[in-house]
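Morning, everyone. I have one structure to walk through today. Let me put it on the screen.

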Amino acid sequence: MLPTITIDNSTCLGPLDCGQCLQICPMTVFIAGPTKKWKFRETDRKDYEVYARYYDQCVTCFKCVEVCPEECIAVTLENQGGGTEEDKED
Ligand code: SF4
Ligand code: SF4
């Protein structure tokens, strides 16, 4: 059963200014990368985003959900009955 990991990038502080999810994940699920690239110019800090690239490695420990200061990460698991199980926090 693979988890679904969503990141609300409209509230995320950005991997270069926060990056706590990248640091805490024991399975290195997250990566960071630029959303825009210009020739001969560095990408602005604000144009980097976090991606849950290796979500298939997630062990649903919810450490990323707990550490995120903006509460913009959601980790959900599909129940066998077809519903969803929200993260531990309530
Ligand atoms: S729930 Fe745990 S293993 Fe999964 S992405 Fe978050 S920190 Fe990583
Ligand atoms: S911990 Fe939250 S705010 Fe910080 S980089 Fe990760 S998703 Fe963004």
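Start with contacts in the chain. Of those between residues at least 6 apart in sequence, 60% join residues at least 24 apart. Contact here means C-beta atoms, placed from the backbone, within 7 Å.

Some housekeeping. This is a predicted model: local features need pLDDT of at least 70, side-chain atom pairs count only at pLDDT 80 or more, and totals for chains, interfaces and linings use all residues. Residues are numbered from 1 along each chain as its sequence is written, with chains lettered from A and ligands numbered from 1 in written order.

Now the fold. The chain has two helices and five strands. From the N terminus the order is β-α-β-β-α-β-β. Helices (H or I, at least four residues) and strands (E, at least two) are DSSP runs, numbered from the N terminus.

Next, the ligands. Ligand 1 has 14 residues around it, with Cys-25, Val-29, Cys-58, Cys-61 and Cys-64 nearest. Ligand 2 has 15, and the closest are Cys-12, Cys-18, Gln-20, Cys-21 and Cys-68. To count, a residue's C-beta atom, placed from the backbone, must lie within 6 Å.

Last, Cys-72. Where is Cys-72? In the loop between helix 2 (63–67) and strand 4 (73–78). Asp-8 is 64 residues away in sequence, yet 5.0 Å away in space, C-alpha to C-alpha. Beyond four places in sequence, Cys-72 contacts Ile-7, Asp-8, Thr-11 and Cys-12.

Note on methods:
Two residues are in contact if their C-beta atoms, placed from the backbone, lie within 7 Å.
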